[in-house]
Amino acid sequence: MTEDRIHIEPGKLPRHVAIIMDGNGRWARQRGQMRTFGHAAGAETAKKIVEEARRIGIRYLTLYTFSTENWNRPPEEVEAIMQLLSKKLDKEKDNLIENKIRLTVVGDLAGLSRELQRKFKDLFEQTGRNYEMTLALALNYGGRNEVVHAVNRILTEKVNFVTGCEITEKEFEKYLYSAHLPDVDLLIRTGGELRISNFLLWKAAYAELYFTPTFWPDFDEHCFHKALADYQKRERRYGKTGEQIENEKS
Ligand code: IPE
Ligand code: IPE
Ligand code: MG
C-alpha cells in the first residue's frame, strides 16, 4: 500500500466511465519512437485500466478506441491500429470470459475489415451473458454519426409513421449505437486536450468531465483513482439548485 493511496467511496462509484485515451503519439515521439509504439503502449494501459475498473466495481466502461475522424490518419498508422486491435482481441478473449466481462462495440462495425467483424461477432457470442462489467469499445465511432444513424434507422423502421407523430427522448435513445449503455457519469480525457472530439455526444450530455495532461500510456491505476476521487467530490445538480440537492439528501 502506497502512502498517497487515494480513498474511493465504494457506494459513490460512477456507473458508467468513458475514456478518451489520447496522447499515444506524443508519448512515443517524446521517446524518439514511431507513433505506433505509443499505440502498443496505450493498449497495455487499456488492459490495466479495464482490470482496475473491474476490480473496483465499475459497471460500464467505454473506451474511445478509433473515431470516424481517425480514418484521416496516414494509412500505415490506421493499419497498425487495426492490426493491434485484432491481436489484442485474440489475446484478451480468455481474460474477458474468465473475468465475466461483456464486450460490446459502439460505432459502425460494418466499416471494419471482415476479419475484425468476425472476431467481434465471436466475442459478442462468447461474452454476451457476462454480467460483472460491460466493456464498450467506441470503434469507428463518431457522435454525430451516431445521431444521424439513429435518425436513419427510425426513418427506415417507421415508414408508416403517421405524419405529425412525435418521438420522445426515451424512444430515440433506443436507436443509438450506445443504446445498451446508461448515461455517462464520468468522462476522462488524457493527453491534455480540452475537447470532446465527437465522443458520446448524447450519452455524455450530463457527464462530469475530467481532463489530465498525462499521456494515455502513462495513465495508471493511481491516475484512475485520482479521477474517481475527483468525481466523488462533485455535486451533480441536473439543473436544480444546490439547496434542493442538499434537501433531497436529508
Ligand atoms: C490516441 O492517441 C489514440 C488514437 C486516436 C487511436 P493519439 O494517437 O491521438 O496521440 P496524440 O494525440 O497524437 O499524442
Ligand atoms: C480522439 O483522439 C479519438 C480517440 C482517442 C480514439 P484524437 O487524437 O483523434 O482527437 P483530436 O482529433 O485530437 O481531437
Ligand atoms: Mg490525439
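The model is a predicted one, in which local features need pLDDT of at least 70 and side-chain atom pairs count only at pLDDT 80 or more, while totals for chains, interfaces and linings use all residues. For your selections, residues are numbered from 1 along each chain as its sequence is written, chains are lettered from A and ligands numbered from 1 in the order in which they are written, and side-chain values use heavy atoms, with hydrogens and water left out.

Next, show the residues around ligand 2 (those with a heavy atom within 4 Å of it). They are Ile 20, Met 21, Asp 22, Tyr 64, Thr 65, Phe 66, Asn 70, Arg 73, Arg 189, Arg 195 and Ser 197. Strand 2 (residues 60-67) contributes the largest share of this shell, with three residues; strands (E, at least two residues) and helices (H or I, at least four) are DSSP runs numbered from the N terminus.

Now look at the oxygen atoms of ligand 2, where polar side-chain atoms lie at 2.7 Å for Arg 195, at 2.9 Å for Asn 70 and at 3.3 Å for Arg 189. Of the 390 Å² that ligand 2 exposes when taken alone, the protein buries 78%, the areas coming from the Shrake-Rupley method with a 1.4 Å probe and, for residues, only the protein chains shown counting as cover.

Keep Arg 189 selected and follow its side chain to that of Asp 22, which it meets in a polar contact of 2.9 Å. Such a contact is a pair of N or O atoms within 3.5 Å; within protein, one must be able to donate a hydrogen and the other to accept it, and residues adjacent in sequence count only if both atoms are side-chain atoms. Arg 189 belongs to strand 5 (residues 186-189) and is buried, at a relative accessible area of 5%; buried means under 20%, exposed over 50%, and partly exposed in between (1.4 Å probe, protein chains only).

From Asp 22, move on to ligand 1: a polar side-chain atom of Asp 22 is 2.8 Å from one of the ligand's oxygen atoms. Arg 35 likewise places a polar side-chain atom 2.8 Å from an oxygen atom of ligand 1, and for Arg 73 the distance from a side-chain N or O atom to a ligand oxygen is 2.7 Å. Ligand 1 on its own has 380 Å² of accessible area, of which the protein covers 86%.

Which helix gives the most to the shell around ligand 1? Helix 1 does, with three residues, and helix 1 (24-30) and helix 2 (35-56) each supply at least two.

Finally, select Asn 140 in strand 4 (residues 133-141), where phi is positive, about 50 degrees, although the residue is not a glycine. Asn 140 is buried, with a relative accessible area of 7%.
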